[in-house]
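Please keep the sequence and the structure side by side as you read.

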Amino acid sequence: MSAPTLKKKELERLLNSIPTHPSPKVELEQHSTPSTAAATMLWMAEFHYHDISRARVVDLRCGTG
């Protein structure tokens with residue numbers, strides 16, 4: 001198993017820099033995932049399960065993206 005090239009805290013910082021939806025509507029389920037949660041999910045998917053590298057990833061039902 002190779003060492004991660006991106007530290008989890010750095011991934012969290014990068015995700016945190018993405019602008020949030022300017023005026024989300026609850027009825028459309030437009031809400032942001034906290035950067036800590038998103039970084040943890042991505043980190044585990046890649047560095048624990050090896051599910052992301054060299055794979056095509058489709059984010060279906062991602063709302064505003």
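In which segment does Arg-54 lie? Arg-54 lies in the segment after α2. We will come back to that part of the chain below, after a look at the rest of the model.

## Overall make-up

Please bear in mind that this is a predicted model. The protein chain has two helices and zero strands. Helix α1 covers residues 8–16, and helix α2 covers residues 35–47.

Of the 65 residues in the protein chain, 11% are buried. Among contacts with a separation of 6 or more, 57% are between residues 24 or more positions apart.

## How the two helices pack

Helices α1 and α2 pack with their axes 8 Å apart, at an angle of about 130°. That angle makes α1 oblique to α2, because it falls neither over 145 degrees, where a pair counts as roughly antiparallel, nor in the roughly perpendicular range of 65 to 115. The crossing of the two helices is right-handed.

On the α1 side, the contact is made by Lys-8, Leu-11, Glu-12, Leu-15 and Asn-16. Helix α2 contributes Ser-35, Thr-36, Ala-38, Ala-39, Thr-40, Leu-42 and Trp-43. By type, the residues of this contact divide into six nonpolar, four polar and two charged.

Leu-11 is found in helix α1, and with a relative accessible area of 13% it is buried, because the cut-off for buried is under 20%.

Which residues does Leu-11 touch, not counting those up to four places away in sequence? They are Leu-6, Ala-39, Leu-42 and Trp-43. Of these, Ala-39, Leu-42 and Trp-43 are also listed on the α2 side of the helix contact. The C-alpha atoms of Leu-11 and Ala-38 are separated by 9.1 Å, with the two residues 27 apart along the chain.

## The aromatic pair

Searching the whole structure gives one aromatic pair. Its members are Trp-43 and Phe-47, with 4.3 Å centre to centre and 50° between the planes, a tilted arrangement.

Why are Trp-43 and Phe-47 separated by about one helical turn? The two residues are four apart in helix α2, so about one helical turn separates them.

Now back to the segment where we began. Most residues other than glycine have a negative phi. His-50, found in the segment after α2, has a positive phi near 55° and is not a glycine. Arg-54, in the segment after α2, also has a positive phi, of about 55°, although it is not a glycine.

Notes: Residues numbered from 1 in each chain as written. Predicted model: local features only at pLDDT ≥ 70, side-chain atom pairs only at ≥ 80, totals over all residues. Heavy atoms only, no water. Axes fitted to C-alpha atoms, helices over the stretch in contact; angles between N-to-C directions. Parallel < 35°, antiparallel > 145°, perpendicular 65-115°, else oblique. Left-handed = near helix turned anticlockwise from the far one by under 90°. Contact = heavy atoms within 4.5 Å. Nonpolar A, V, L, I, M, F, W, Y, C, P; charged D, E, K, R; others polar. Phe/Tyr/Trp six-rings, centres within 6.5 Å; stacked < 30°, edge-to-face > 60°. Buried < 20%, exposed > 50% of the residue type's maximum accessible area, 1.4 Å probe, protein only.
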